[in-house]
Amino acid sequence: MNRIALCAVAVACVVCLEESAHGQAGQTARGVRLEIQSGSKAEYRVREQLARLNFPNDAVGATESITGALVVRPDGTLTGDSKLTVDLRTLRTDEPKRDGFVRENTLETNRYPLAEFVPRRHTGLPTPVPTSGGATFKLTGDLTLHGVTGEQTWDVAATFAGDAVNAKATTRFNFAKYKITIPRVFGLLSVDDNIRLELNVRMRRVSAP
């Protein structure tokens with residue numbers, strides 16, 4: 001009787017392993033699409049020195065108007081459908097006057113309302129895309145900002161839990177790279193020539209078509 005029970009357990013284990021392998025093969029064959037979810041945020045940070053303060057501080061603008069997806073092929077490469085878009089018209093800081101100046105004079109959002117990032121390649125992202133644990137990797141692609149497209153590399157730290165992926169990505173560049181004019185306004189003594197971008201995104205994993 002014990003031998004029969006052990007045989008049944010062994011057969012069941014083999015069947016489960018085969019089904020699991022088949023499921024993983026099916027998922028791998030289709031690739032993975034990681035879609036941006038609500039609650040994601042994009043920020044810029046610029047170090048500035050205000051006349052009314054005795055110390056420098058960061059001007060921080062943020063928006064949750066970020067959409068898009070990363071689409072990973074079975075071999076780990078990214079498809080042309082991968083793109084992230086941020087609506088710059090919705091950026092807000094703690095100073096409404098600054099917001100208006102940045103929109104009208106710095107980013108000129110009436111002419112260039114969106115920032116778009118199209119990733120082309122990555123370094124360090126495991127293949128296949130994990131379903132648990134964490135990973136750090138670099139994501140390189142084309143960033144279009146203020147009417148200029150340039151190559152940009154982001155440092156990414158991601159955590160994976162089933163279909164949920166949370167990631168923080170950061171990059172930086174100077175104003176001239178995207179032909180942005182450094183702000184010069186009354187009460188602003190200086191601005192560092194260094195823009196830092198940060199994305200804190202929530203993504204959902206779905207099978208790629």
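**Strands and salt bridges**

Author: His-122 stands opposite Leu-139 in β7, where strands are DSSP runs (E, at least two residues) numbered from the N terminus, as are helices (H or I, at least four residues). This is a predicted model, in which local features need pLDDT of at least 70 and side-chain atom pairs count only at pLDDT 80 or more, while totals for chains, interfaces and linings use all residues. Residues are numbered from 1 along each chain as its sequence is written, and side-chain values use heavy atoms, with hydrogens and water left out.

Reader: In what sense do β6 and β7 pair, and over how many bridges?

Author: Strand β7 covers residues 132-145, and β6 pairs with β7 in the antiparallel sense over seven bridges; two strands are said to pair if DSSP finds at least two bridges between them.

Reader: And which residue of β6 is the bridge partner of Thr-85?

Author: That partner is Glu-116, and the strands involved are β6 and β5 (residues 83-87), which pair in the antiparallel sense over four bridges.

Reader: Going on from β5, which residue there does Gly-68 stand opposite?

Author: Gly-68 stands opposite Leu-84, and β4 and β5 are again an antiparallel pair, joined over four bridges. On the β1 side, strand β1 (residues 32-36) runs antiparallel to β4 and is joined to it by four bridges, with Leu-34 having Leu-70 as its bridge partner in β4.

Reader: Why is β4 described as largely enclosed by the rest of the structure?

Author: Because five of the seven residues of β4, which spans residues 66-72, are buried; buried here means under 20% relative accessible area, exposed means over 50%, and partly exposed is in between, using a 1.4 Å probe and protein chains only.

Reader: Changing topic, how many salt bridges does the structure hold?

Author: It holds nine salt bridges, each being a side-chain nitrogen of Lys or Arg within 4 Å of a carboxyl oxygen of Asp or Glu.

Reader: What is the N to O distance for Glu-151 and Arg-121, and which strands are they in?

Author: The side chains of Glu-151 and Arg-121 meet in a salt bridge at 3.4 Å, N to O. Glu-151 belongs to strand β8 (residues 148-161) and Arg-121 to strand β6 (residues 114-123), so the pair ties together parts that are 30 residues apart in sequence. Glu-151 is partly exposed at 47% relative accessible area, and Arg-121 is partly exposed at 43%.

Reader: What about Glu-35, which residue does it form a salt bridge with?

Author: Glu-35 forms one with Arg-33, the closest N and O atoms being 2.9 Å apart. Glu-35 is partly exposed, with a relative accessible area of 26%, and Arg-33 also counts as partly exposed, at 25%.
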